[in-house]
Amino acid sequence: MADITLDQIIKPENLVYTKTKLMTDKVLSYCPGCGHGTAHRITMEVIEELGLEEQTIGIAPVGCSVLAYEFMNIDMQQAAHGRAPAVATGIKRVWPDKIVFSYQGDGDLAAIGTNETIHACNRGENIVIIFINNGIYGMTGGQMAPTTLIGMKSSTSPFGRDAQRMGNPLKITELVAQLPGTYFVTRQAVHTPANVRKTKRAIKKAFENQRDGKPGVSFVEIVSNCNSGWKMTPRDANTWMEENMFPFYPLGDIKVDGKLV
Amino acid sequence: MSELKLMKGNEALAEAAIRAGADAYFGYPITPQSEVIEYLMAEKPHERTGMVVLQAESEIAAINMVYGAAGAGKKVMTSSSSPGISLKQEGISYIAGAELPCLYANVVRGGPGLGTIQPSQADYFQSTKGGGHGDYRQIVLAPASVQEMADFVKDGFELAFKYRIPVLILSDGVIGQMMEKVELFDPIPRLTDAEINEKYPWATTGKKSGTERRIITSLDLDSHKMEEHNHKLQAKYKEITEKEVRYELIDCDDAEYVIVAYGSSARIAQKAVRLARAKGIKVGLFRLITLFPFPSVKMHEMCGKGIKGFLAVEMSSGQMVEDVRLAVNGCSKVAHFGRYGGIVHTPEEVLEALEQKIIGG
């Protein structure tokens, strides 16, 4: 077989994939195997495909994705821990024609920011909330999260989460689905190509809802892995997630067009 | 059209926000400043000017709504009273760090803790020394009348945008609740979206093609860059200290003694000056208008011109007096007088303190 040079490969007709221009060239700070990179990418692809980049303002949380603004190539604000839905409310109320979304982890959205989450959802702010639930505090080094499963080990539940002493994992997505101010509530995953496609469709629906002025929050939970925090290989983490996280956090739509499924 | 009205301080603040062309007010009720949001809701500013008024679920949410809207280039404010202002400190630190313009008011009540709903000036340290975490300052305006409650809203917004800094109107329960005649300034139109895009190249309003994206953040994991950012902030505070000091000198020309006070204490002290003058005591009033920047240069200059003593009068156990001591720097006598915990001192008590602690002391 003759030697093939790069010049022969790099041709427009050979291009099968390119990253969205709404992701910067900055190397992601996430661990290999983490779902954040995929979740970032499909969110940005949706914004590009819908042609919304010139009117979108994103909000980064505190947590692993605190630097989301370094990777998402759009106007962004970085919020105090848990306050992203309030920051989003502030922006959307004074710029009602803009597209506003927050991107938050479980500690940010379901522990320190529960109040902001519930009230933004209950007021029916016309925003998108993307919620990454990996059941652990990744950035601070693997502490227990509000969504840590019973029996799951973390650095602050080293013998496993015990409901009596540490409380129960919080299904905040089911909770916000009960509120009249949410329009679309879904739980998805990004660990397989099929799931990535489904999640991207869900995110697209969420942004379309906001663009079309559908009343209320569109809330997309993504159950994801944290192989570093869970102390597993990426592959084992995905298997563990399917076997343990999905039974407690079942995937699928919870509320569509303002109606519980 | 400027208009003469009889109003409560809190109402004047609220009306001034509409007239100043504010785009939004985000707040949460607390005594003694709930009239601010009540007035705004009743006035329907969304019909008058298009201004947004939203009752948030907490003071924390309110200040973070301010962060978001300010970061998107809008003229926004909030207000609260002492316990609520403590809750806002995290957000204010972020606003200072991200260099966003905003205005907020503290109608101070007695503390600590839940304290009392009566007037106080015990939040001086929190207001002037940085109430939240980190090395930051904010401009602090201290109104002593209902008129100034209105005027400082306009001035405060101007300063906030000039320096991209949080500006605090530090009022108290007396000024917030009392009714006085106020001449309301002519309404200033709200900026259009196009004007905001043109005037504020830092505001996140959506990345336009061919332009750099905009980021609002207070984070930098590189500590060398964070030190640089801090240098920039300090340079700004230095400029403010040089250019934005405001005070009022009353009867100071021939004074041998000076009372230093701000807000409602300055009004009471003014009466005490009259009582003292009637007794032949040559005393003047140094009324602070900006608490940060503090008029240290002027105060020091005065003590070099033969002032025999300064009496710091404040409704606290002695907070502002520390800045008076720093300014005077040992070249004249300094004493403190103040009632606190919600008690407002009388002019007679101030005069007595002057006679005992400064003249006779």
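Strand β5(B) pairs with strand β7 (residues 166–172) of chain B in the parallel sense, over seven bridges. The model is predicted. Strand β5 (residues 102–108) of chain B is mostly covered, with seven of its seven residues buried. Chain A and chain B are in contact through 29 residues of chain A and 33 residues of chain B. Chain B itself is assigned domain 1 (3–193) and domain 2 (247–359).

**Strand β5(B) and its neighbours**

- B:Asn106 of β5(B) has B:Ser80 opposite.
- Between β4(B) and β5(B) the chain passes through helix α5 (residues 82–97) of chain B, and this β-α-β crossover is right-handed.
- In a regular strand, side chains alternate between the two faces of the sheet.
- One way from β5(B) point B:Cys102, B:Tyr104, B:Asn106 and B:Val108.
- The other way point B:Leu103, B:Ala105 and B:Val107.
- Residues on both sides of β5(B) are buried.

**Contact between chain A and chain B**

- On the chain A side, β1 (56–60), β2 (75–78), α4 (84–94) and α6 (114–123) of chain A each supply at least two residues.
- α4(A) gives the largest share of that side, eight residues.
- By class, the side of chain A that touches chain B has 13 nonpolar, nine polar and seven charged residues.
- Strand pairing also links the two chains: β2(A) and strand β9 (residues 215–216) of chain B pair in the parallel sense over two bridges.
- A:Met76 has B:Ile215 in β9(B) as its bridge partner.

**Domains of chain B**

- The centres of domain 1 of chain B and domain 2 of chain B, taken over C-alpha atoms, are separated by 27 Å.
- Their contact takes 24 residues from domain 1 of chain B and 21 residues from domain 2 of chain B.
- On the domain 1 side, the elements that give two or more residues are α6 (124–128), β6 (139–141), β7 and α8 (173–177) of chain B.
- The largest share of that side, four residues, comes from α6(B).
- By class, the side of domain 1 of chain B that touches domain 2 of chain B has 13 nonpolar, nine polar and two charged residues.

Definitions and conventions: Residues numbered from 1 in each chain as written. Chains lettered and ligands numbered in written order. Predicted model: local features only at pLDDT ≥ 70, side-chain atom pairs only at ≥ 80, totals over all residues. Contact = placed C-beta atoms within 7 Å. Nonpolar A, V, L, I, M, F, W, Y, C, P; charged D, E, K, R; others polar. Pairing = 2+ DSSP bridges. Buried ≥ 20, exposed ≤ 12 C-beta atoms within 10 Å, placed from the backbone. Right-handed = clockwise from strand over helix to strand, strands pointing away. Domains from an automatic or database assignment.
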